[in-house]
Amino acid sequence: MVTLANTYPLLSFTFLGIPSSANILRGTVLLLENGYYLVGFSVVLASFIAPILLFSLICYTSLSLSKGWKTPFLATALHFQDDLIHWSMIEVYIVSFLVALVKLVEYADIDLGYGLWCICITLLLSTHLIQRIEPAEYWERYVHIR
């Protein structure tokens with residue numbers, strides 16, 4: 001879902017008779033091509049890498065703890081998972097997208113794309129998942145695994 005949210009168009013618009021569409025990946029490439037490397041890297045980190053890593057770590061740590069497996073990297077994964085929750089900023093994209101949408105409505109004809117729905121579903125899933133995670137409970141289970 002994160003991949004679809006980044007590659008499908010968030011919106012399509014027609015301005016002065018010229019149609020165009022935009023997605024997060026294309027916007028990131030434009031930032032990098034124009035020399036905004038720090039901003040482009042931050043967008044890739046917060047919109048693509050951090051959510052995928054977070055979902056992967058949650059699956060790995062939850063499976064390991066539920067099965068009682070004390071794998072060599074489990075403690076590191078738990079620390080990284082706690083830190084990474086703060087770097088997954090999908091909700092920031094939704095808010096910034098809504099601000100941009102309000103500004104664009106005055107000047108162009110706009111159609112919402114599949115990418116927007118994918119990012120909304122990703123936001124709902126990640127919010128639900130993060131609310132259910134109790135780091136103290138994960139660490140308590142880790143301590144009791146032999």
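I started with the residue types in the lining of the largest cavity: 6 are nonpolar, 3 polar and none charged. Here Ala, Val, Leu, Ile, Met, Phe, Trp, Tyr, Cys and Pro count as nonpolar, Asp, Glu, Lys and Arg as charged, and the others, Gly among them, as polar. The lining residues are Val2, Ala5, Asn6, Ile24, Ser47, Ile90, Tyr93, Ile119 and Thr122. A cavity is a set of points on a 1 Å grid, over the protein atoms alone, where a 1.4 Å probe fits but cannot get out, and a lining residue has an atom within 4 Å of a point.

I noted that this is a predicted model, in which local features need pLDDT of at least 70 and side-chain atom pairs pLDDT 80 or more, while totals for chains, interfaces and linings use all residues. Numbering runs from 1 along each chain as its sequence is written, and side-chain values use heavy atoms, without hydrogens and water.

I looked up which elements form the lining. Two or more residues each come from α1 (2–7), α5 and α6, and α1 gives the largest share, 3 residues. Helices are DSSP runs of H or I with at least four residues, strands runs of E with at least two, numbered from the N terminus. The volume of the largest cavity is about 50 Å³, taken as the space filled by probe spheres set on grid points joined across faces, edges and corners.

I then checked the largest nonpolar core, which has 17 residues; Leu10, Leu11, Ile24, Tyr93, Phe97, Leu116 and Ile119 have the most contacts inside it. Such a core joins buried Ala, Val, Leu, Ile, Met, Phe, Trp, Tyr and Cys residues through side-chain atoms within 4.5 Å. Buried is under 20% relative accessible area, exposed over 50%, and partly exposed in between, with a 1.4 Å probe and protein chains only. At least two core residues come from each of β1 (11–15), α3 (37–67), α5 (90–105) and α6 (114–132). The largest share, 5 residues, is from α5.

I took Tyr93 next. Beyond its neighbours within four places in sequence, Tyr93 is in contact (heavy atoms within 4.5 Å) with Ser42, Val43, Ala46, Ser47 and Ile119.

For the whole protein I recorded 7 helices and 3 strands. Its radius of gyration, over C-alpha atoms, is 19 Å, well over the 15 Å from the globule rule for 146 residues, so the protein is more spread out than a compact globule. The rule is 2.2 Å times the number of residues to the power 0.38.

Last, I looked up Val143, which is in helix α7 (residues 135–144). Val143 counts as exposed because its relative accessibility is 60%.

How values were computed. On a 1 Å grid over the protein atoms alone, a cavity is a set of points where a 1.4 Å probe fits but cannot get out, and a pocket is an open set with protein on both sides within 12 Å along at least five of seven lines; lining residues have an atom within 4 Å of a point.
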